[in-house]
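I keep these notes as I go through a structure that is new to me. Each entry records what I looked up and what I found.

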Amino acid sequence: MKKTVIRSLSLLALLSSICFSVGAQTGNNSKPAETGAKPAETPAAAIPTVAITATTTPVDLAKAALAAQGGEKFKLLKNAILRGSVDLYGPNSTQSVPGGFVLVTAGDKFRMEVDARPLFSFKQIFDGQQSYSSLPGAEMAPVSKFGMRLLTRFDEPGYTVTALPDKKKQRGFRVADAEGNATDFYLDPATGRVASFTFAFNGYNFGTEHKKFKEVEGVLIPSNFIQRIEMPQGAAFAEFSAKDIKINQAMGDDVFAMPN
């Protein structure tokens, strides 16, 4: 039972990189800047609203979602570094396992560390070609094929955008690639923000619900979000709260180096 809980919590923690990975390019070799200064932020209320109606087409919904994330600034985002706390719930459990997390994403590359000792701690790294996990078997969905990354690619050749039924007054659309990999998005019609998204991978159903956002240098970053994975044993949850968010930092490939 303990092994099942650890595996489900690990999958949830790894899913968080799907939230932020975008088509970034990292062209320098310097290490991440370690400074106490926070990036410029503006109140969430300052983000322009987008007119979405019952007749807005799926493609226009995707355009609205991309605009709400920051448009070209979101597409050109080089990297994101998030640090904060996480409460993890195993299948059919009402008792959380508290911990801390650090997430670094840069294009397809990511580094995720979760410390929820004494139950478990783990590290996951993908350098763009190969992956490392301190917990073998915790396979993660490719960040280039699912999640928020698809908002930057929905209008590229090989991608299709189709309608979904509305859900709780939220407008929905699906983005799929030529291989059939798909993510379902649901928007807040008042703002165009992605309220939630879901996808299926490797026999599991994954979902992310965005509760709060921060605008950092013109890019909308989820600061509080809930992730869910449906398993045969039941649903597991994780509640993430990012206390420190930095984007477009000086970063070298050694951040994603494999452990010896």
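Ring pairs join Phe146, Phe199, Phe201, Tyr204 and Phe206 into a cluster.

**Ground rules.** I am reading a predicted model, in which local features need pLDDT of at least 70 and side-chain atom pairs count only at pLDDT 80 or more, while totals for chains, interfaces and linings use all residues. Residues are numbered from 1 along each chain as its sequence is written, and side-chain values use heavy atoms, with hydrogens and water left out.

**Entry on the strands.** I followed Phe206 from the ring cluster and noted that its bridge partner in S12 is Ile229. Helices (H or I, at least four residues) and strands (E, at least two) are DSSP runs, numbered from the N terminus, and two strands pair if DSSP finds at least two bridges between them. Strand S11 (residues 204-216) and strand S12 (residues 219-231) run antiparallel and are joined by 11 bridges. They form a hairpin with 2 residues between them, and Glu217 in the turn has a positive phi of about 55°. On the other pairing of S12, I found 8 bridges to S13, again antiparallel, with Ile229 opposite Ala236. S12 and S13 also form a hairpin, with 2 residues between them.

**Entry on the cores.** I next looked up the nonpolar cores, meaning sets of buried Ala, Val, Leu, Ile, Met, Phe, Trp, Tyr and Cys residues joined through side-chain atoms within 4.5 Å. Buried here means under 20% relative accessible area, exposed over 50%, and partly exposed in between (1.4 Å probe, protein chains only). The largest core has 50 residues, and those with the most contacts inside it are Phe101, Leu151, Phe173, Val175, Phe185 and Val194. Strand S13 (residues 234-247) gives the most to this core, with 6 residues. Apart from it lies another core, of 7 residues, among them Val104, Ile125, Met251 and Val255. For contacts (heavy atoms within 4.5 Å), I listed the neighbours of Phe101 beyond four places in sequence, including Leu82, Arg83, Met112, Val114 and Phe240.

**Entry on the salt bridges.** A salt bridge is a side-chain nitrogen of Lys or Arg within 4 Å of a carboxyl oxygen of Asp or Glu, and I find 13 of them in the structure. Arg83 forms one with Asp244, the closest N and O atoms being 3.7 Å apart. Arg83 lies in strand S2 (residues 80-89) and Asp244 in strand S13, so the pair ties together parts that are 161 residues apart in sequence. I noted Arg83 as partly exposed at 30% and Asp244 as buried at 19%. Arg83, Asp244 and Lys246 are linked in a network of salt bridges.

Arg174 and Asp184 form a further salt bridge, with the closest N and O atoms 2.5 Å apart. Because Arg174 is in strand S8 (residues 170-176) and Asp184 in strand S9 (residues 182-187), this pair ties together parts that are 10 residues apart in sequence. Asp184 is buried, with a relative accessible area of 14%, whereas Arg174 is partly exposed, at 35%.

**Entry on Ser196.** Is Ser196 buried or exposed? I found Ser196 buried, with a relative accessible area of 11%, and placed in strand S10 (residues 194-201). Among the residues that Ser196 touches, leaving out those up to four places away in sequence, are Lys167, Asp184, Phe185 and Tyr186. The charged end of Lys167 sits over the ring of Tyr186, 4.1 Å from its centre; for this I required NZ of Lys or CZ of Arg to be within 6 Å of the ring centre and within 35 degrees of the ring normal.

**Entry on helix H3.** Pro58 is found in helix H3 and is partly exposed, at 21%. Pro58 touches Val161, Thr162, Ala163 and Phe173, again not counting residues up to four places away in sequence. I also noted that Pro58 and Arg171 are 113 residues apart in sequence and 8.8 Å apart in space, C-alpha to C-alpha.

Conventions:
Phe/Tyr/Trp six-rings, centres within 6.5 Å; stacked < 30°, edge-to-face > 60°.
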